[in-house]
Amino acid sequence: MALKVVAGFLKKGDRFLLVKRPVNKKRGGLWEFPGGKVENGETLESAIKRELEEELGIKPKVKKLLGKTNYKYPEGEIELFLFEIESEEEPFLKEALELRWVNFEEVKELELCPADKKLLENIKRDL
Ligand SMILES: Nc1nc2c([nH]c(=O)n2[C@@H]2O[C@H](COP(=O)(O)OP(=O)(O)OP(=O)(O)O)[C@@H](O)[C@H]2O)c(=O)[nH]1
């Protein structure tokens with residue numbers, strides 16, 4: 001069974017938030033949406049709230065599911081759910097290396113986790 005991963009899409013004007021993965025993790029140094037693995041017994045919504053609080057120090061409002069994709073990495077398959085997030089608070093870095101607000105042009109310059117590239121293409125049409 002695929003590992004469930006939740007991620008947040010936070011918008012500021014025409015830009016959205018990406019974080020850089022810590023170098024000591026799988027796909028270290030690549031960019032991704034903030035988030036992480038769903039833990040046992042958690043709903044997707046409670047998982048994304050927990051992850052964003054842990055990673056960015058915000059208490060987010062979860063608006064809706066923007067998209068979902070499955071991706072097979074060498075170590076196994078993930079099922080990635082991307083939620084539209086609203087937050088009054090400014091995110092700050094707790095775990096990731098770096099954060100950056102980018103638009104759909106600027107994101108082309110960054111190396112993303114492969115699953116995210118696929119997901120971005122899918123949601124771009126609907127935004
Ligand atoms: N958080 C996050 N993970 C992603 C994204 N895209 C993507 O392929 N992944 C993959 O999903 C998996 C889960 O990620 P994670 O390492 O952030 O999860 P976590 O913080 O709960 O992990 P840990 O508790 O082991 O440190 C990783 O294999 C990661 O590469 C994304 O946009 N956000």
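## Strand pairing, salt bridges and a ligand site

Within strand β6, Ile85 is the residue that bridges to Val62. Welcome to a quick tour of this structure, which is a predicted model.

**Strands around β6**

- Strand β6 covers residues 76–86, and strand β1 covers residues 3–12. The two run in the parallel sense and are paired over 8 bridges.
- Strand β5, residues 61–73, also pairs with β6, but here the sense is antiparallel and there are 11 bridges.
- How many residues does the hairpin between β5 and β6 use as its link? It joins the two strands through 2 residues.
- Ile85 is a handy place to look in the viewer: Leu10 stands opposite this residue of β6, and Val62 is its bridge partner as well.

**Arg27, a residue with positive phi**

- Arg27 is not a glycine, yet its phi is positive, at about 60°.
- To find Arg27, look in the loop that runs between β2 (15–20) and β3 (31–32).
- Is Arg27 buried, or is it partly exposed? Its relative accessibility is 24%, so it counts as partly exposed.
- Arg27 turns up again at the ligand, as one of the residues that come nearest to it.

**Salt bridges**

- Side chains of opposite charge can pair when their charged atoms come close.
- The count for this model comes to 17 salt bridges.
- One of them joins Glu106 and Arg15, whose closest N and O atoms are 2.6 Å apart. Glu106 sits in the loop between β7 (99–102) and α2 (114–124) while Arg15 belongs to strand β2, so this pair ties together parts that are 91 residues apart in sequence.
- Glu106 has a relative accessible area of 30% and is therefore partly exposed. Arg15 also counts as partly exposed, because its relative accessibility is 30%.
- Glu39 and Arg50 meet through their side chains in another salt bridge, at 3.7 Å from N to O. Glu39 is in the loop between β4 (35–37) and α1 (44–56), and Arg50 is in helix α1, so the parts tied together are 11 residues apart in sequence.
- Glu39 is partly exposed at 45% relative accessibility, whereas Arg50 is buried, with a relative accessible area of 16%.
- Which residues are linked in a network of salt bridges? They are Glu39, Glu42, Arg50, Glu51 and Glu54.
- Glu105 and Lys108 form a further salt bridge through their side chains, at 2.8 Å from N to O. Glu105 counts as exposed at 52% relative accessibility, and Lys108 counts as exposed at 55%.

**The ligand and its surroundings**

- There are 16 residues around the ligand, and those that come nearest are Arg27, Phe33, Lys37, Tyr73 and Asp116.
- For Gly35, a backbone N or O atom lies 3.2 Å from a ligand nitrogen; for Gly36, a backbone N or O atom is 3.4 Å from a ligand nitrogen.
- How much of the ligand does the protein cover? On its own the ligand has 630 Å² of accessible area, and the protein covers 81% of that.

Conventions
Residues are numbered from 1 along each chain as its sequence is written. This is a predicted model: local features need pLDDT of at least 70, side-chain atom pairs count only at pLDDT 80 or more; totals for chains, interfaces and linings use all residues. Side-chain values use heavy atoms; hydrogens and water are left out. Two strands pair if DSSP finds at least two bridges between them. Helices (H or I, at least four residues) and strands (E, at least two) are DSSP runs, numbered from the N terminus. Buried means under 20% relative accessible area, exposed over 50%, partly exposed in between (1.4 Å probe, protein chains only). A salt bridge is a side-chain nitrogen of Lys or Arg within 4 Å of a carboxyl oxygen of Asp or Glu. A residue is near a molecule or strand if one of its heavy atoms lies within 4 Å of it. A polar contact is a pair of N or O atoms within 3.5 Å; within protein, one must be able to donate a hydrogen and the other to accept it, and residues adjacent in sequence count only if both atoms are side-chain atoms. Accessible areas come from the Shrake-Rupley method with a 1.4 Å probe; for residues, only the protein chains shown count as cover.
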